[in-house]
Amino acid sequence: MANPNITAPAKKRRRPARRRSGLGLFLGFVFSGLLLMLIAGGLALALYGVQLDEVVREKFEGQRWALPARVYARPLELYVGRPITREALIGELERLKYRRSAEVERAGSFDVDDDRILVRTRAFRFWDGAEPEQRIAIRIADGLVTDMRSGDNGRDLALVRLDPALIASIYPTHNEDRVLLSRQQLPPMLIKTLLAVEDRRFYQHHGIDPKGILRAAYENLLAGRTVQGASTLTQQLVKNFYLTQERTLERKAKEAYMAVLLDRRYSKEEILTAYANEVYLGQDGSRGIHGFGLASRFYFDRDLDELGVPQVALLVAVLKGPGEYNPRRHPEKATERRNLVIDLMAYHQVISAEEAEAAKAAPLGIEEGGARPSGDYPAFIQLVRRQLQRDYRDADLRSEGLRIFTTLDPLMQTQTEAAIGERMPKLDAQRGLPAGTLETAAVVTSVSQGEVLALVGGRKTDYAGFNRALDAVRSVGSAIKPVIYLTALARPERFSLLTPIADRPISLRVGTQLWTPQNYNRRVHGNVPLYRALAKSYNLATINLGLQVGIDEVASMLKRLGAVRPIQVVPSMLLGSVSLPPIELAQVYQSIAAGGFRAPLRAIREVLNADGQPLNRYPLAVEPVVSSDAAYLTQWAMRKVVEEGTATWLKQRLPEGMQVAGKTGTTNEMRDSWFAGFSSDRVAVVWVGRDDNKPMGLTGSSGALRVWGDIMAEIDSQPLSDEIPNSIELADACGQRDIPFSRGHAGATTCGGGGDSDSEPRGDDAAPKRPQDRQDTQPQPAPPPPRERQEPRNTSPFMSDFYGN
């Protein structure tokens with residue numbers, strides 16, 4: 001029975017459910033949407049950051065810059081006994097931008113003290129090792145280095161190489177140029193000034209500077225216009241490296257994001273170094289000047305570590321606007337901005353107040369012509385580029401930062417240009433021609449190495465136009481004759497220097513034409529010794545000799561010696577109807593001068609990559625093309641051209657004892673004047689003529705020979721040696737003493753007549769009565785048509801690409 005005192009538990013009263021209001025539902029929906037949007041946006045931003053980070057890393061860790069190829073001349077080598085004058089050495093130092101300084105404490109400085117020249121060289125990394133910076137003392141007397149020792153400890157030095165001259169740059173397609181510097185090469189004063197002016201909190205912020213942004217916004221608000229920027233150096237680097245110059249919020253946001261990524265991934269020093277090498281600092285024509293290294297050379301013609309307070313301040317000042325503060329165009333504005341930078345340097349204690357006052361009083365000090373090497377030797381650079389095109393793509397030359405070491409001798413080039421500049425106006429006046437009518441080309445090479453040491457493509461040596469040394473294909477006239485005599489002397493069983501050669505009239509019917517060449521004054525000389533026929537440049541004797549040995553054989557010899565252009569195998573080639581440019585004729589004569597060994601002419605020694613590692617070597621390549629005894633006998637006969645033939649003028653122009661060999665060349669109606677010749681270590685070829693191919697009235701002796709003599713009188717060159725090769729023996733024959741013969745063939749000598757040379761004018765040394773009758777001249781009648789068969793072209797990859805054919 002239930003207890004009446006116990007009451008049943010009360011039932012819970014259920015509260016009625018609250019209905020969510022429409023506003024609550026809406027807010028919840030908005031919140032959820034925003035959250036999702038934030039999550040999605042954050043995810044998208046993160047993914048975008050991953051993408052940007054990849055872009056940042058790829059650029060920063062890959063090839064950051066398209067670097068131009070740098071082209072250097074051969075270095076000046078100094079040693080005791082080296083022929084060079086004091087003036088020439090000083091001139092070379094000045095070309096290398098060495099500066100006079102009594103203390104000679106800084107690399108790239110020198111001083112002249114009585115008979116001694118003190119030089120502190122620059123360190124330089126060559127293809128075969130590094131040359132250290134050192135202080136040297138040089139004494140020169142009578143045109144020779146007589147003593148060379150260390151300026152620090154007095155130790156004798158065997159050899160010193162100066163840093164080579166930068167003679168050209170091959171720029172990227174977008175024409176940016178820069179000189180890369182490491183962090184250690186950036187002067188502390190520059191870094192302190194840069195940070196004081198552009199980014200004082202560089203080492204504190206993380207790519208962007210919020211305080212700087214607020215400060216700039218406040219200053220701009222007060223001024224009512226933009227008077228202060230807030231971009232950090234990192235942001236500026238990002239803009240230059242990765243972005244365009246457009247001014248939009250999207251680009252600024254992207255710039256800030258990438259700056260944070262860059263700062264997170266790389267050290268401050270890496271960012272600072274990249275900025276110093278990337279920043280735009282001016283324009284030189286179509287070439288952009290980037291980085292402080294190049295800007296220092298461009299504005300002051302000095303290396304960055306040589307700059308003082310005024311120069312450093314100006315470089316930092318130009319940063320604000322390279323166009324607006326261009327010190328060449330707007331010196332007043334540049335000075336005002338520079339002085340503001342100097343005040344900031346003093347305020348931030350980079351320099352003292354006294355230094356600041358002195359710096360503000362200093363001139364801008366802008367030098368003209370700085371960092372502009374490409375215009376110094378344009379003709380030679382054309383030759384270098386043709387050789388490079390064989391081995392490198394143009395894109396590699398314009399972007400890989402190659403270092404190309406060439407064979408150019410700046411001292412010899414300068415002397416060659418000076419000789420041409422002095423002689424050519426005299427030749428114009430001699431013929432009564434308007435100034436500048438006659439043109440010229442010259443090539444100077446080394447005998448043993450086959451290196452092109454100097455090359456002139458025209459009277460305007462700084463003009464990068466038509467290069468006559470490479471591209472003026474002109475008839476060579478009698479300069480072809482040594483090839484004919486060499487072809488004969490290569491057969492010692494048939495020909496010697498004394499073999500009688502018939503100098504008599506000849507008529508050849510070629511096609512429908514009758515070819516009847518003549519000698520000077522229409523005289524004949526009977527049988528003459530072979531060497532004299534060459535020395536006197538007798539046309540008839542040369543033709544008869546060429547027909548004996550065979551025109552085909554002469555053409556083949558010309559090819560073996562180095563001619564690469566097609567040759568028309570016709571009788572008139574024996575008098576020089578062959579057309580070659582000066583560089584190709586220099587190759588032919590180099591092979592003769594080198595004793596019958598052809599060393600393909602080269603303009604490049606070595607190529608290194610941007611890290612200094614060798615990429616390609618251009619070693620000396622030598623190929624025997626004719627017997628050494630035949631080459632020596634031809635050289636001996638060519639000496640007679642100078643001693644008693646058409647080039648006797650050289651005996652009065654060259655220094656006493658300077659024995660040389662060579663051959664004049666004059667073409668029909670005196671349209672071309674040639675002289676090609678050599679000493680023991682130099683080959684030189686000179687052409688003089690008119691671009692319109694009109695007659696000019698100069699023979700080989702009265703034109704090109706004079707230029708050649710002026711060049712050889714100035715350049716460093718050694719006389720031909722009197723040493724007799726083992727393959728040669730001397731014998732008395734035909735009333736003459738000590739005549740050289742190929743060993744074992746002196747006994748078979750047949751004596752020829754002496755001719756009437758004593759009464760005969762000496763070819764080019766005599767004034768012509770009629771141009772068409774000159775001995776050294778092509779015959780007047782029209783040349784006969786070529787034979788159907790032509791000599792096969794020399795397919796040497798070096799030679800064909802070298803000349804661009």
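How many salt bridges does a search of the whole structure find? I ran that search and got 43 salt bridges, a salt bridge being a side-chain nitrogen of Lys or Arg within 4 Å of a carboxyl oxygen of Asp or Glu.

**Ground rules**

I am working with a predicted model, where local features need pLDDT of at least 70 and side-chain atom pairs count only at pLDDT 80 or more, while totals for chains, interfaces and linings use all residues. Residues are numbered from 1 along each chain as its sequence is written, and side-chain values use heavy atoms, with hydrogens and water left out.

**Entry: salt bridges**

I looked up Asp716 and found a salt bridge to Arg82, with the closest N and O atoms 4.0 Å apart. The two sit 634 residues apart, Asp716 in the loop between helix H23 (704-714) and strand E31 (728-733), and Arg82 in the loop between strand E2 (77-78) and helix H2 (86-95). Helices (H or I, at least four residues) and strands (E, at least two) are DSSP runs, numbered from the N terminus. Arg82 is buried at a relative accessible area of 10%, whereas Asp716 is partly exposed at 21%. For these words I use under 20% relative accessible area for buried, over 50% for exposed and partly exposed in between (1.4 Å probe, protein chains only).

Next I checked Asp471, which forms a salt bridge with Arg386, the closest N and O atoms being 2.8 Å apart. Asp471 belongs to helix H15 (residues 468-471) and Arg386 to helix H12 (residues 378-388), so this pair ties together parts that are 85 residues apart in sequence. I noted Asp471 as partly exposed, at 27%, and Arg386 as buried, at 17%.

Asp732 is partly exposed at 48% relative accessibility, and Arg737 is exposed at 64%. I also found that salt bridges with shared partners join Arg70, Asp177, Asp284 and Arg287 into one network.

Is strand E8 largely enclosed or open, and why? Five of the seven residues of E8 (residues 135-141) are buried, so this strand is largely enclosed by the rest of the structure. Strands pair here if DSSP finds at least two bridges between them. I found E8 antiparallel to strand E5 (residues 116-120) over five bridges, with Val119 opposite Ile136. E8 also pairs with strand E9 (residues 144-150), again in the antiparallel sense, over six bridges; there Ile140 has Val145 as its bridge partner. In the hairpin of E8 and E9, two residues lie between the strands, and Asp142 takes a positive phi near 55 degrees.

**Entry: Phe495**

I found Phe495 in the loop between helix H16 (481-489) and strand E19 (500-503). Phe495 counts as buried at 5% relative accessibility. Leaving out residues up to four places away in sequence, Phe495 touches Ala488, Leu489, Leu530, Leu545, Gln548 and Val549, contact meaning heavy atoms within 4.5 Å. I also looked at His745, which is 250 residues from Phe495 in sequence and 9.3 Å away in space, C-alpha to C-alpha.

**Entry: residues where two helices meet**

Last, I listed who meets whom between H9 and H10: Val309, Pro310, Ala313, Leu314, Val316 and Ala317 in H9 meet Ala334, Arg337, Arg338, Val341, Ile342 and Met345 in H10.
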